[in-house]
Amino acid sequence: AAACACGWAGARPTPGGLGRRAWRVPLFGGPGAPPPAAARRVESRADEPLRQNVITEQVAGRRSSRCARRPAAGQSEGRSSDVAPGTRSPLETRLEVQDDPRSAEAFARAMTRGLGSAPRAIDARWLLDDAGVALLRELRRQPDHYVATAERQVLEARADAVPLYFPDKAPLVVEYGVADTARTGALLTELLEAFGSLEYVAVGPSLAAVEPPCRELLAAHPRLSAKAQVGRLEDALAVARAATSPGCVFWPGADLGARERAEAIGTLRSVSSILRGRALLVAGVDLGKDPRVAERCHADRKGVGKRLHMHLLTRLVRELGADLDPALFRHRTQYDAESGRLDAFVVSRRSQAIRLAALDLTVELAKGEAIRVETATKFSPQEIDLTARAADLNVHERWYDRDGRVCLNLMRPAPPAT
C-alpha cells in the first residue's frame, strides 16, 4: 500500500465510512474495555502488531445524530436567564476556584533544591506563573509548536469512543496541566453528548493555567460544572481517587516526557497505584521525530520558547530578590536523537555570584554553566508500552494525529495477578 497522509507506509484510515480521517491502533484489552460484541476490525500501523480491537460501532450511532442536537459553531448549548444585579451568574454558581497559598513557599523550596543541585536543574512547571502561562499559550499558537494542536486534532476525531469506557455513569473528568479550551472541549463535548451533564476539575501550576479555560468551557456548556485548582499531578490524582464517580484523568501536553525515562516509570506507577481499577487515564505522549522538528517545537523561530525558558530569571528577581542581570545569560537547547531527549537551558555568559536575598543563598556560576529548565523526552510506541507495563498499566487504545507527531494513550490499571 502507498504511504498515507500520516507518513507510515501501509497505514490506512479507519474503515467504516465514519467520515473522519484518523488512525487508531487498537491495543490489548482488559477489564473495562468496551464490549467485544461491538468490536470491528481496524488496520494498524504496519510496524505494530494488531492486538485486541476495542473500537465499537456504538460510535457511529452517536455521530449520525450529533449534528441535529449540537449548536452551531460559536453558540452555547443553552441560554442563561438574565441575572439580577448583585447576584451570582449561573456560570459563577457552576465554578469553584481553589488557589494554593503554599505556592510561593513551594517555589522557594524548589529553587533552593534545583539551584543547589549538580547539575543545576529546575522543573519546568516553575516557569508557569501567570506570565509564564501567557508565554506558553503564545508558544502554542506558533506553527512550530505542534503538541496542543495535534492532540486537539486527535480528540476531535476520536473522543467519541471515550464514553464507552464508562458504561454505568458519567465520569469525573480531571485534567492536569495548562488547559487548552479547544482541546479539552473536544473531549468534554463527547462526554456531555453521552451523559447529559458532567463534572470537570482542572488542576494546574497557577490559576492562569486553569481558571480562564474553565470559564470559557462553562460558557460553552451550560450542563457542565467545573473547578479550577492550583496543584500538582498528585493533587489531580487525589481528586480522581476521592470521587464517587469513576475518574477520567486527562493528562495532555506530552507532560509524561517532562521527566527522564526512569522517572516516567515511577510517575506512572504512582498514577496506577492511586487510580482505582475503573478509572481511565488519557495521556498525551510526544513521539520521536526529526531533530529539527523537535527542537523548533521548544525553540521556535519567533523566539517565544526562548522567552518562556528565560522567564525563570524574571521570577528569581521578582520573587526571591535575585541580584542578577538577564543579559548575562543565554538560551540553549539540545536534542539527542538516539535517546529522544530534548533539554533546554539558561547558560551563564561569565563567572558570576547570584545572591537570592529571600533565601539567604548565594549561587556561584562558572562561565558556560547551565541551569536546565525543561526536559522533553520523546517516546516510540514500543517504549510507551514498556513504560506502561512496568508501571502496571494496560494501554487499551492509542490514537495518533494525522502526521504521526503525538499520540493519546488510553490506559487503565492492570488487574491484580492471580
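The model is predicted, with local features needing pLDDT of at least 70 and side-chain atom pairs counting only at pLDDT 80 or more, while totals for chains, interfaces and linings use all residues. Residues are numbered from 1 along each chain as its sequence is written, and side-chain values use heavy atoms, with hydrogens and water left out.

**View 1. Lysine 227 and glutamate 96 form a salt bridge.** A salt bridge is a side-chain nitrogen of Lys or Arg within 4 Å of a carboxyl oxygen of Asp or Glu; the count by this rule is 26. In this pair the closest N and O atoms are 3.8 Å apart. Lysine 227 belongs to strand S6 (residues 224-230) and glutamate 96 to strand S2 (residues 95-98), so the contact ties together parts that are 131 residues apart in sequence. Helices (H or I, at least four residues) and strands (E, at least two) are DSSP runs, numbered from the N terminus. Lysine 227 is buried at 18% relative accessibility, whereas glutamate 96 is partly exposed at 43%. Buried means under 20% relative accessible area, exposed over 50%, and partly exposed in between (1.4 Å probe, protein chains only).

**View 2. Aspartate 100 pairs with arginine 102 in a salt bridge.** The closest N and O atoms are 3.0 Å apart. Aspartate 100 is buried, with 15% relative accessibility; arginine 102 is exposed, with 53%.

**View 3. Asp129, Arg315, Arg318 and Glu319 are linked in a network of salt bridges.** Glutamate 319 is partly exposed at 30% relative accessibility, and arginine 318 is partly exposed at 47%.

**View 4. The largest pocket holds about 1300 Å³ of space.** A pocket is an open set of points on a 1 Å grid over the protein atoms alone, where a 1.4 Å probe fits, with protein on both sides within 12 Å along at least five of seven lines; lining residues have an atom within 4 Å of a point. The volume is the space filled by probe spheres set on the points, which are joined across faces, edges and corners. Of the 47 lining residues, Asp123, Ala124, Arg125, Asp255 and Ala258 are the closest to the centre of the pocket.

**View 5. Strand S13 gives the most to the lining of the largest pocket, with five residues.** Among the other elements that each supply at least two lining residues are helix H3 (103-115), helix H8 (233-242) and helix H11 (304-320).
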